[in-house]
Amino acid sequence: MAGQQFQYDDSGNTFFYFLTSFVGLIVIPATYYLWPRDQNAEQLRLKSLRRVHGRCLWYRLRLMKSQQSFVPTLKKAALLFGWAVFLLLAYKVSKLDREYQEYNPYEVLNLDPGATLSEIKKQYHALSLKHHPDRGGDETTFMTIAKAYSALTNEQSRLNWEQYGNPDGQGATSFGIALPAWIVDQKNSMLVLLVYGLAFMVILPVVVGTWWYRSIRYSGDQILINTTQLFMHFMYKTPNMNMKRLTMVLTAAFEFDPRSNKEATIRPTDNVEVPQLIRELGNINVKKKEPPFCYPYSLKARVLLLSHLARMDVSEELEEDQRFVVRKSPALLQEMINVGCQLTMMANSRGGFHAPRLVTIENCMKLTQMTVQGLQESKSPLLQLPHFEEEHLRYCISKKYKVRTLQDLVSLKDSDRRSMLRFLGEEKYDEVMGVLGSFPSITMETKLQVLDDEDSHNITAGSIVTVTVTLTRKKSHLFCFDLKQGDANKSKTKVWQNKSKGAKKTAKSKRKKLTKKKATPAPAKTKQANGSVTGNVKEDDDVSDKGSESDEAEVNKDSHSERDEDSDKHSDTEVDEIAGDDEEEWEALQQSIQRRERALLETKSKVTHPVYSLYFPEEKQEWWWLYIADRRDQTLVSMPYHVCTLKDTEEVELKFPAPSKTGNYQYSVILRSDSYLGLDQIKPLKLEVHEAKAMLDNHPQWDIPDTEEEDEEQEDSDGIEESEDEDEDD
């Protein structure tokens with residue numbers, strides 16, 4: 001291109017500017033994101049959890065990992081090295097000479113700006129005598145002095161310098177490339193091409209291909225796609241899945257196959273140790289020939305999971321593999337629940353096949369609890385507490401105490417509890433009470449309504465029902481369990497029936513009061529002179545009846561007018577009440593919309609409260625499942641919502657379509673923990689479905705009275721006549 005010049009950096013100074021900027025763009029963000037956080041804060045957090053979680057496996061592993069880990073030290077060393085390089089480059093750049101300086105002839109002649117012509121000639125004469133080549137001076141310096149003298153004395157050169165910054169006039173635009181000249185040198189061309197080819201034709205395609213291959217193999221929850229398909233196949237094949245079958249399907253996941261997951265391992269010692277564990281466990285369907293249950297990786301994972309639930313001791317090598325299987329199981333079970341929900345929605349929308357039964361999905365939830373706590377299905381939930389063994393349960397289930405659940409243990413008096421747990425020492429008893437106080441206590445409040453409807457409390461057939469559930473986790477305290485909820489669940493009579501009966505009783509009592517108020521007053525009694533009390537005489541009634549017709553007419557007129565006024569007052573008050581109710585419903589609707597928008601924009605942390613688990617290998621947070629089910633038909637009404645942000649209070653909306661047939665329906669709002677056994681809650685939900693209102697063909701707001709139409713036609717005709725008269729006048 002004419003008037004432009006491209007040149008490489010011969011001295012390499014510009015390249016240092018580029019290199020300094022590039023290193024700074026890498027080091028500064030990497031320091032912010034990768035610098036190890038304050039280790040003291042983590043140590044203080046672990047220290048605060050020691051009293052309650054000190055015996056947990058994950059706690060002991062975390063302490064060992066923090067003591068043996070060299071990763072934070074390596075990160076710090078790498079970041080410090082990067083900063084050292086960055087500071088060295090910055091120092092190098094600060095020492096570079098300025099190559100591109102503004103041309104100033106006064107500086108060349110060592111004159112002050114604004115010097116007179118005589119001073120310029122005098123200074124030039126002195127410098128030319130000193131630097132003239134004939135007198136042994138430097139030719140380049142002399143040419144520079146002569147150019148500066150010309151720029152200050154020649155009118156055209158002076159104008160060029162003032163306008164373009166150069167006495168010679170406008171020159172070609174120069175573009176510098178921030179690469180040293182040796183890169184484009186012909187001697188180094190093969191080396192540069194080799195580096196470029198290696199970087200862009202080998203390394204980059206391998207990195208992108210590896211990332212792409214990994215991304216297409218995993219789902220959004222980091223579960224292998226093949227595992228999801230496996231779960232879908234067996235849940236479709238066996239809608240009603242018991243715990244034994246569920247364990248086999250879980251351990252057949254491809255996450256445990258070394259060919260699909262590098263974290264899974266098959267050891268030579270497995271041929272000896274795994275059969276030994278099988279003999280100790282007993283019947284675990286070893287002879288089943290159905291693939292993939294008969295594969296070695298599936299059998300090993302099943303044995304390790306069952307030995308974890310039985311709290312059996314295994315060798316050190318198998319213990320590492322067992323921790324891997326146990327650590328992966330909750331996420332895989334959550335994926336099974338998601339698959340069950342998908343199949344249920346497909347069955348409800350399309351039909352043609354049976355959806356998984358409610359017991360299958362609830363078994364997945366229960367198996368998650370069992371895996372986290374390391375307990376078998378038939379074991380007592382009291383074994384979640386420290387220092388509790390099988391032989392100690394006989395003290396709890398005796399006729400005197402009858403303690404079988406955690407709620408029963410909490411409801412005991414302190415003296416009875418201390419007497420029952422006499423096998424524990426003082427320190428162990430305090431530890432058990434501390435652990436028991438850390439267990440969650442959840443209160444659940446439900447609100448049933450139909451949003452975006454005129455009457456939000458009237459449920460019609462086919463409408464979308466919204467159940468707003470407010471979950472509140474009480475502060476950790478020993479006596480925070482909602483025992484009334486458990487008693488209500490145990491009672492045979494339904495809660496909604498009791499409420500309806502009470503409502504009927506109150507309605508009857510109100511009706512009785514109203515009838516008493518409307519009853520005619522007793523006849524007036526007069527006291528005679530002799531002191532005897534007599535009623536009204538019949539003759540007086542007859543006499544009064546003679547002239548009563550006119551009086552009754554007047555009274556009736558007055559009563560009619562009073563009734564009209566009363567009815568107007570009542571109608572006004574009813575309109576005001578309806579308007580107030582509409583405003584309240586509108587405000588509630590707007591608030592719910594705002595809450596949804598905030599929930600979409602706000603990202604809450606999934607760190608809630610650490611779970612007390614004696615045998616789980618990593619720290620687990622308290623999460624919950626919330627859903628509505630029809631326990632009579634063993635079906636899901638609303639899909640399970642995984643509540644992962646319940647720290648203090650959480651509000652969840654569960655939506656489902658109302659039944660197409662009218663009538664009364666009895667559902668259950670169920671809250672299940674994914675970490676603890678025996679803390680589930682079930683709350684009854686009554687649904688009374690009415691017929692849907694018929695659609696109006698002609699809405700009143702579109703009805704235009706005939707008088708208005710006639711008035712409009714008359715106005716139009718008048719306007720036309722006036723316009724005709726005006727035309728004639730014109």
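Student: What makes residues 70–91 a helical span?

Tutor: In this predicted model, the span is 95% helix and 0% strand, and its end C-alpha atoms lie 32 Å apart. Helices here are DSSP runs of H or I with at least four residues, strands are runs of E with at least two, and both are numbered from the N terminus. For residues 190–213 the values are 100% helix and 0% strand, with the end C-alpha atoms 33 Å apart.

Student: Where does the label "transmembrane region" come from?

Tutor: It comes from an unreviewed UniProt entry, which places that annotation on residues 15–35, 70–91 and 190–213. Such annotations may be inferred rather than shown by experiment.

Student: Good to know! What are the ground rules for the numbers?

Tutor: Residues are numbered from 1 along each chain as its sequence is written. Local features need pLDDT of at least 70 and side-chain atom pairs pLDDT 80 or more, while totals for chains, interfaces and linings use all residues; side-chain values use heavy atoms, without hydrogens and water.

Student: How do you know whether serine 675 is buried or exposed?

Tutor: Buried means under 20% relative accessible area and exposed over 50%, with partly exposed in between, using a 1.4 Å probe and protein chains only. Serine 675 has 0%, so it is buried. This serine is found in the loop between β12 (663–673) and β13 (681–690). Leaving out residues up to four places away in sequence, serine 675 touches residues including Gln369, Lys620 and Trp623.

Student: What makes a set of residues a nonpolar core?

Tutor: The members must be buried Ala, Val, Leu, Ile, Met, Phe, Trp, Tyr or Cys residues joined through side-chain atoms within 4.5 Å. The largest such core has 86 residues, and Met336, Leu385 and Phe388 have the most contacts inside it. Helix α14 (residues 316–349) gives the most to this core, with eleven residues. Apart from it lies another core of 24 residues, among them Val450 and Phe656.

Student: And how much of the chain counts as buried?

Tutor: Of its 730 residues, 33% do.

How values were computed: Contact means heavy atoms within 4.5 Å.
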